[in-house]
Amino acid sequence: MAIKQYNYNKFAKHYDVLELKAKEDYEKINDFLNRIFKKNRIKNVLDMTCGTGAQAIGLSKRGYKVTASDISKAMLNIAEKKAKDAGVKIKFYRGDIRTSQFGKFDAVIAIFNAVGHLSKKDFEKAIKNVSKNLNKSGLFIFDIFNLDFMKAGGFINYKYIDRAIEHEGMKYVRFNKNKINLKKGIMGINQETYIQKGIGNPQLYTENWDMQIYSIDELKKLLKKNGFKILNFYNDSGNKFIRNKSLFIFTIAKKV
């Protein structure tokens, strides 16, 4: 079953403000990846859902040979410009994590809930394809919302302000009102984003899409079925994962 998709091309020019600026500690994810990579002697990395380049550029600066791809042309254009401005050399491609093959790498990453845009059937296709892009014993690292956390009462069932940011004369306010099907593990995300320049008339953008979420038990089963061994689960801060208390599952899996 297909799930409803987010329009990244529509929001690409606002993405870094709404997501990366609001998560000014996103570089901590790159620090965490760096620790995992050093421990496992990773040299080259394929970011298959690079977006505007948060991980690809950060890892390249840390000395890794990085190849990056994304399904959104608008997001890729921004990533390429940012990489050029940062003075790092990254090979960028437009691609799909379910089908694209770019060679063999020590690690493949898909960060910021990217795999949640895939149905369970498509995620299994993606896992098989990731394996084709990995060297023997290569790592597949991704993060996703934790279904057990939602089942334990972590899901917010009322309308709330998700972002409130002022940046370079622009004001951004985003409201979320979501729903969840705990049986299917699908979260329906409904957003209203107001963008205002100075005190001018604000523009309203609405977006509705689905996010597939998983428990660690589902991930273990799915990854094992498709030739991967779980090395560890972490929360989004790179600390110990707690089944009912961690909002995110940060998965480290090895190709076997």
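Reply: Two strands count as paired if DSSP finds at least two bridges between them. Strands (E, at least two residues) and helices (H or I, at least four residues) are DSSP runs, numbered from the N terminus. This is a predicted model, in which local features need pLDDT of at least 70, side-chain atom pairs count only at pLDDT 80 or more, and totals for chains, interfaces and linings use all residues. Residues are numbered from 1 along each chain as its sequence is written, and side-chain values use heavy atoms, with hydrogens and water left out.

Me: How many bridges join β2 to β3?

Reply: Strand β2, residues 65-70, is joined to β3 by four bridges, and the two run parallel. Within this pair, S69 stands opposite Y93 in β3.

Me: And what is the order of the strands in the open sheet?

Reply: The order of its seven strands is β3-β2-β1-β4-β5-β12-β11, and the pairing is mixed. At the edges stand β3 (91-94) and β11 (228-234); each has a single partner strand, so one side of each is left without a neighbour in the sheet. From one strand to the next, the twist averages 20 degrees.

Me: Which strands does helix α2 lie across?

Reply: Helix α2, residues 27-39, lies across β1 (44-47), β4 (105-110), β5 (134-145), β11 and β12 (248-255). The helix runs at about 25 degrees to β12. Such angles run from 0 to 180 degrees between N-to-C directions, with axes taken as lines fitted to C-alpha atoms, for helices over the stretch in contact (heavy atoms within 4.5 Å). Helix α3, residues 54-61, lies across β1, β2 and β4, and runs at about 175 degrees to β2.

Me: Changing topic: how many salt bridges are there?

Reply: The count comes to 17 salt bridges, where a salt bridge is a side-chain nitrogen of Lys or Arg within 4 Å of a carboxyl oxygen of Asp or Glu. One of them joins R174 to E19, with the closest N and O atoms 2.9 Å apart. This pair links distant parts of the chain, since R174 is in strand β7 (residues 170-176) and E19 in helix α1 (residues 8-21), 155 residues apart.

Me: Are R174 and E19 buried or exposed?

Reply: Both R174 and E19 are buried. Buried means under 20% relative accessible area, exposed means over 50%, and partly exposed lies in between (1.4 Å probe, protein chains only).

Me: What does R62 pair with?

Reply: R62 forms a salt bridge with E27, and their closest N and O atoms are 3.0 Å apart. R62 lies in the loop between α3 and β2, and E27 in helix α2, so the pair ties together parts that are 35 residues apart in sequence. R62 counts as partly exposed at 27% relative accessibility, and E27 counts as partly exposed at 28%.

Me: What about D122? Which side chain does it meet in a salt bridge?

Reply: D122 meets R98, at 3.0 Å from N to O. R98 is in the loop between β3 and β4, while D122 is in helix α5 (residues 120-132), 24 residues away. At 16% relative accessibility, D122 counts as buried.

Me: And what do the buried residues of α5 pack against?

Reply: They pack against β4, β5, α7 (216-225), β11 and β12. The buried residues of α5 include F123, A126, I127 and V130.
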